[in-house]
Amino acid sequence: MTLPSLTQILEAQALLYRFMPPTPQYSWPLINERLGTEAWIKHENHTPVGAFKLRGALVYVDWLKKAQPSLEGVVAATRGNHGQGVGMAARLLGLKAVIVVPQGNSIEKNRAMIAQGVELVEHGHDFQESLEFARTLAAQRGFAMVDSFHERLVMGTATYALELFEAAPPLDAVYVPIGLGSSICGVAAARNALGLSTQIVGVVAAESPSYSLSFQQHKVVEAPSLTLIADGLACRTPNPSAMVAIWENINHIVEISEAEIAEAMRALYQDTHNLAEGAGAAGLGGALKESSLLRDKRIGIVLTGGNVDAPVFAKVLAGDLRH
């Protein structure tokens, strides 16, 4: 895929700032002490939906509405953050939203989506079944499908990277969690648009290694997705367009264990008192794993979201990863 230009990112930013302010980026002394280097954390857990997903959803839904003036609504499949973003974007832009989640989905995330005014539909035993049903629903109702990876999503996510690069001192590297790829592709777009030499490092769950394997083998590789603590990183089949951008722009990918993800979640709470869901903490987890390589460097870390269920977070704080 062709990554968005600076002009496109700035246009997306102008739209977003009608509805939300920039999120902060802070360098926390205790995190720096833990890493042994200067780190700047981009707090996407501070958006109105607690995750970066709102940015892409607003840009995507706004584009759909302009392209289809008679459009009445949108449909998406999600486990949580994408659905919250799409739900809020649809509400702000005057459209209906139907969100399909797997059976047994997080009660807290379901409540958050319903609060945005969405019609919540539980269908399927996993995300893939929910996605297929969502596509059927969209066709039946004449609504537009809001996919989980799209160039308009990348345009939106690139706005947080632009904020980070412009507000923080020059960064040697940025650690970015990879779910389906819109976030890391947005970081690459902003880095390229600004002509920076910052390295981009992807972070995946070792229990969901499809993007890491695909990066290593330079072909799309499916792999079981068994992570329990980081559902935002759970991907069995990488998006081919995302992989092209990743091959062309990413320095390397780090795999981190469930225990390392939990350690990063605890570190963020203990050192900054910020909540991070498993996927949201993965950037710090990757940096901690590579901390011996980061001496005398300045890095960025993207905290992509903080929407962790209370029972899960209680177990993480207690050091109990049994489910």
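**View 1. Leucine 30 in helix α2.** At 42% relative accessibility, leucine 30 counts as partly exposed, a class between buried, under 20% relative accessible area, and exposed, over 50% (1.4 Å probe, protein chains only). Helix α2, residues 29–35, contains leucine 30. Helices (H or I, at least four residues) and strands (E, at least two) are DSSP runs, numbered from the N terminus. The C-alpha atom of leucine 30 is 9.4 Å from that of leucine 268, and the two residues are 238 residues apart along the chain. The model is predicted: local features need pLDDT of at least 70, side-chain atom pairs count only at pLDDT 80 or more, and totals for chains, interfaces and linings use all residues. Residues are numbered from 1 along each chain as its sequence is written, and side-chain values use heavy atoms, with hydrogens and water left out.

**View 2. The open sheet of β5, β4, β3 and β6.** An open sheet is formed by 4 strands in the order β5-β4-β3-β6, with parallel pairing. Two strands pair if DSSP finds at least two bridges between them. The edges are held by β5 (119–122) and β6 (144–145), each with a single partner strand, so one side of each has no neighbour in the sheet. Strand β3 (residues 73–77) runs parallel to strand β4 (residues 96–101), and 5 bridges join them. Alanine 76 has isoleucine 99 in β4 as its bridge partner.

**View 3. Serine 130 and its contacts.** Serine 130 belongs to helix α6 (residues 127–141). Its relative accessibility is 0%, so serine 130 counts as buried. With neighbours within four places in sequence left aside, serine 130 is in contact with Ala77, Val100, Val101, Pro102 and His123. Contact means heavy atoms within 4.5 Å.

**View 4. Strand β7 and its pairing with β8.** In strand β7 (residues 173–177), 5 of the 5 residues are buried, so the strand is largely enclosed by the rest of the structure. Ala173, Tyr175 and Pro177 point one way from β7, while Val174 and Val176 point the other way. Strand β8 (residues 199–205) runs parallel to β7 and is joined to it by 5 bridges. The bridge partner of valine 176 in β8 is glycine 202.

**View 5. Packing of helices α9 and α10.** Two packed helices are described by the angle between their axes and the distance between the axes. Helix α9 (residues 210–217) packs on helix α10 (residues 240–249) at an angle of about 55 degrees, and their axes are 10 Å apart. That makes α9 oblique to α10. Angles under 35 degrees count as roughly parallel, over 145 as roughly antiparallel, 65 to 115 as roughly perpendicular and the rest as oblique. Axes are lines fitted to C-alpha atoms, for helices over the stretch in contact, and angles run from 0 to 180 degrees between N-to-C directions. Tyr211, Ser214 and Phe215 in α9 meet Ala242, Met243, Ile246 and Trp247 in α10.

**View 6. Two histidines with positive phi.** Most residues other than glycine have a negative phi. Histidine 218 has a positive phi, near 55 degrees, and is found in the loop between α9 and α10. At 53% relative accessibility, histidine 218 counts as exposed. For histidine 273, phi is also positive and near 55 degrees. Histidine 273 lies in the loop between α11 (258–272) and α12 (278–289). With a relative accessible area of 61%, histidine 273 is exposed.
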